[in-house]
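Welcome, and please open the structure in your viewer. We will go from one selection to the next.

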Amino acid sequence: MARITFEDLAALDDEQLDDDDVAQNNPEPMAEEEQERLFAHWQAVASTHQVSLPQEMSGPIQQMTRQNQAQEQEQVPYVPVSRHEKLEEVQYEERVYPAGKWACITKGEDMYEQSISMGFMKLMRYICKENSAGRYLGMTIPVMNEIQMLQDGKGFMKDILTAYYLPAEFQDDPPVPTDSEIAIVQRESIRVLSRVFYGTTTEETISRQISLLWELLGSTDDFHRDVYMVAVYQNPGVPCRRNEIWFIRRDP
């Protein structure tokens with residue numbers, strides 16, 4: 001059964017947890033009533049995605065909620081290369097992301113949304129103390145979902161890789177996951193073309209964004225057509241949340 005996604009757990013609106021309940025450096029535990037209200041809220045969010053939120057996720061949800069409000073989320077580092085604009089609006093941007101260590105997991109459910117839900121549920125537990133350091137690691141953005149296309153190019157393969165970038169303080173010595181399905185991977189430098197889009201991420205909406213970017217690029221063999229990446233930045237509490245579709249440039 002599918003579980004709640006990163007988009008649902010990355011952050012909460014200010015109204016969902018009073019600032020007085022959060023200490024900047026050492027967040028205090030929630031009262032029982034607040035715990036129940038928070039979990040009920042995320043059960044409702046999960047139901048809109050047709051996924052189920054298990055009770056054992058209550059603790060990690062509380063911890064990530066408190067920490068995300070107490071700390072800034074770390075940005076995955078990159079170097080901008082170029083930007084294409086039309087009528088003063090950015091159409092797409094080229095960037096280089098340096099090599100680094102990521103915690104990765106692959107899931108293959110019937111629907112794209114289910115695969116990323118199952119994957120990030122496990123990554124979230126890794127972030128929230130289910131690691132050899134026994135501590136909260138800190139959230140980084142974006143979380144990446146890597147898509148492989150079917151041979152006919154008209155749909156996604158079931159297996160979706162979900163990846164969380166290790167914060168800078170753990171890049172040299174990443175905590176080991178207690179879950180054997182999660183692998184710490186040294187990913188090589190990657191050069192991508194990114195285009196921002198807003199709203200939900202489903203196979204339908206992502207396929208539309210892939211088509212739109214190919215239309216902007218025209219005929220070119222500079223980028224892979226069999227694999228794409230989706231960068232997720234915000235949670236569903238944001239009405240038009242930010243995502244990016246990434247095209248991967250072929251090696252010269």
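A strand, as the word is used on this tour, is a DSSP run of E with at least two residues, numbered from the N terminus. Keep in mind that the model you are viewing is predicted.

**Stop one: the largest pocket.** Select Glu188, Ser189, Ile190, Arg191 and Ile248, the lining residues that lie nearest the centre of the largest pocket. The lining has 19 residues, and the space inside comes to about 350 Å³. Now colour β6 (143–148), β9 (190–198), β10 (223–232) and β11 (242–249), the elements that each give two or more residues to this lining. Which element provides the largest share? That is β11, with 3 residues. By type, the lining holds 11 nonpolar, 2 polar and 6 charged residues.

**Stop two: the partners of β9.** Next, bring in β3 (residues 89–97), which runs antiparallel to β9 and is joined to it by 5 bridges. Here, pick arginine 95, whose bridge partner in β9 is valine 192.

**Stop three: a threonine in a helix.** Move on to helix α5 (residues 203–217) and select threonine 205. Is this residue buried or exposed? Threonine 205 counts as buried because its relative accessibility is 16%, and buried means under 20%. Finally, show threonine 200 as well: its backbone oxygen is reached by the side chain of threonine 205 at 3.1 Å.

Note on methods
Residues numbered from 1 in each chain as written. Predicted model: local features only at pLDDT ≥ 70, side-chain atom pairs only at ≥ 80, totals over all residues. Heavy atoms only, no water. 1 Å grid on protein atoms, 1.4 Å probe; cavity = no way out; pocket = protein on both sides within 12 Å on 5 of 7 lines; lining within 4 Å. Points joined across faces, edges and corners; volume = space filled by probe spheres on them. Helix = DSSP H or I, 4+ residues; strand = E, 2+ residues; numbered from the N terminus. Nonpolar A, V, L, I, M, F, W, Y, C, P; charged D, E, K, R; others polar. Pairing = 2+ DSSP bridges. Buried < 20%, exposed > 50% of the residue type's maximum accessible area, 1.4 Å probe, protein only. Polar contact = N/O pair within 3.5 Å; in protein donor to acceptor, adjacent residues only side chain to side chain.
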